[in-house]
Amino acid sequence: MRDVREGTASLGRFVRRRRDPVVVHTLRSAAAATIAYVIALRLSPEAAPLTAPLTALLVVQVTLYATLTTGIRRVNSVVAGVLVAIAFSLLVGLTWWSLALLIVASLVVGRLVRVDEFVPEVAISAMLVLGVTTHGDTAWARVVETLIGAVVGLGFNLLLAPPVWVEEAGESLEGLARRLRQLMLRIGEEAAGRTPVEQAAARLHEARRLDHDIVEVDAALRQAEDSLRLNPRVREGLLHRVVLRTGLDTLEICTVVLRVLARTLTDLAKEREPEPLFAKETGAVLEQLLSEIADAVVSFAVLVTTHVSLNADAAESRLAAELRTAVGTRDKLALLLREEAERETRNWQLLGAVLTEVNRILDELDTEHRSHRLLEELDRVSREQRARMPRLTRLRERMGVQEQLWRNRTGFGGRSW
């Protein structure tokens, strides 16, 4: 049994490793560069047409959307640089002052043709071509090799669609929710007892460090969003992107509010030291409430990353039940905090802030609030897409209507896919 478990674990690690963006990018880039070099050997007059594999290596990205956008800009940058070099080779040749003019002209042309981050590539291509002796032949050979590399890189991802990184982004989002949960539980446990100022400040620093985790999750979401764009294997890509993005926004707000709560408890610890933060019953109820909210945060992340209808319904029901329980505990805490504030008027602002902050987290996790924000974001993104690409939007809408008519005729209109 132990060998079987170890074998299963090894297999799971191997599968996850194969899905790692670094591994996928390395294998795809190496394959595309090799194919581009083989093709360039037959079509280019150069003995070692290394520009083709170099371009393919630079064009192939992890996602199809990034490959298309990067490939077009890189081809433009290289061709622009070659044309600038041809003009300089015919007019002035290579000298120290012509090299300076070449670099300036290449950078200006790169800005004009809008190649974005590949502006230096224009100057690099121009210098490489100008530095050889047979200017004309080498220049056009470089253009041919560049086109070969770009076409191979683009075709590689069109024929072999890259992975969709939604699952990895979902795991990253759930990981953030679980770290948020652990911190909530620790804050709740310490709030129920005698908390030194140093200990409360340590929890505040932990809450601040969650900002780094949010940055990492945001990077994973951007990769997932790119993998959904223009991917022929993905349907309803816009919905997936908006669901994940708004989910991260909600968790980020919860993180900020938790940081404010930790700050409030730190200030309260300074005021009450060496006394406990709260009365015994109040501290116990606050610990219970933070535990219930922590569970709801994880359930929210599971709901956001669940795409199967049945599982999504179960996750939403579980989240709604946990929030109802937390709201009941919150009401009980409100009464206890009010009694404490009446007994000790000096800290009434801090006690009221605790209630305000837990209310804010509950409001952010509320399913109705979530649905409203999701619809607003979908409408906003759809309007931006229609304004930016009106023709493509009309074509998609027309294709969607035709697909729905086909489903109605074939009897698949009510099925969930």
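Where is the place of Ser77? Ser77 sits in helix H4, residues 64-91. Helices here are DSSP runs of H or I, at least four residues, numbered from the N terminus.

Before going on, the ground rules. This is a predicted model, where local features need pLDDT of at least 70 and side-chain atom pairs count only at pLDDT 80 or more, while totals for chains, interfaces and linings use all residues. Residues are numbered from 1 along each chain as its sequence is written, and side-chain values use heavy atoms, with hydrogens and water left out.

Back to Ser77. Is Ser77 buried or exposed? Buried, with a relative accessible area of 0%. Buried means under 20% relative accessible area, with a 1.4 Å probe and protein chains only. Leaving aside neighbours within four places in sequence, Ser77 is in contact (heavy atoms within 4.5 Å) with Val115, Phe118, Glu121 and Val122.

Next, helix H11, residues 280-304. Of its 25 residues, 18 are buried.

H11 packs on H13, residues 348-365. The angle is about 25°, and the axes, lines fitted to C-alpha atoms over the stretch in contact, are 10 Å apart. Angles under 35 degrees count as roughly parallel, so H11 and H13 are roughly parallel to each other. Who makes the contact? From H11, the residues include Leu286, Ile293 and Phe300; from H13, Val354 and Leu365 are among them. The contact divides into 12 nonpolar residues, no polar and no charged. Nonpolar covers Ala, Val, Leu, Ile, Met, Phe, Trp, Tyr, Cys and Pro; charged covers Asp, Glu, Lys and Arg; the others, Gly among them, are polar.

Note on methods
Helix = DSSP H or I, 4+ residues; strand = E, 2+ residues; numbered from the N terminus. Expected span 1.5 Å × (residues − 1). Buried < 20%, exposed > 50% of the residue type's maximum accessible area, 1.4 Å probe, protein only. Axes fitted to C-alpha atoms, helices over the stretch in contact; angles between N-to-C directions. Parallel < 35°, antiparallel > 145°, perpendicular 65-115°, else oblique.
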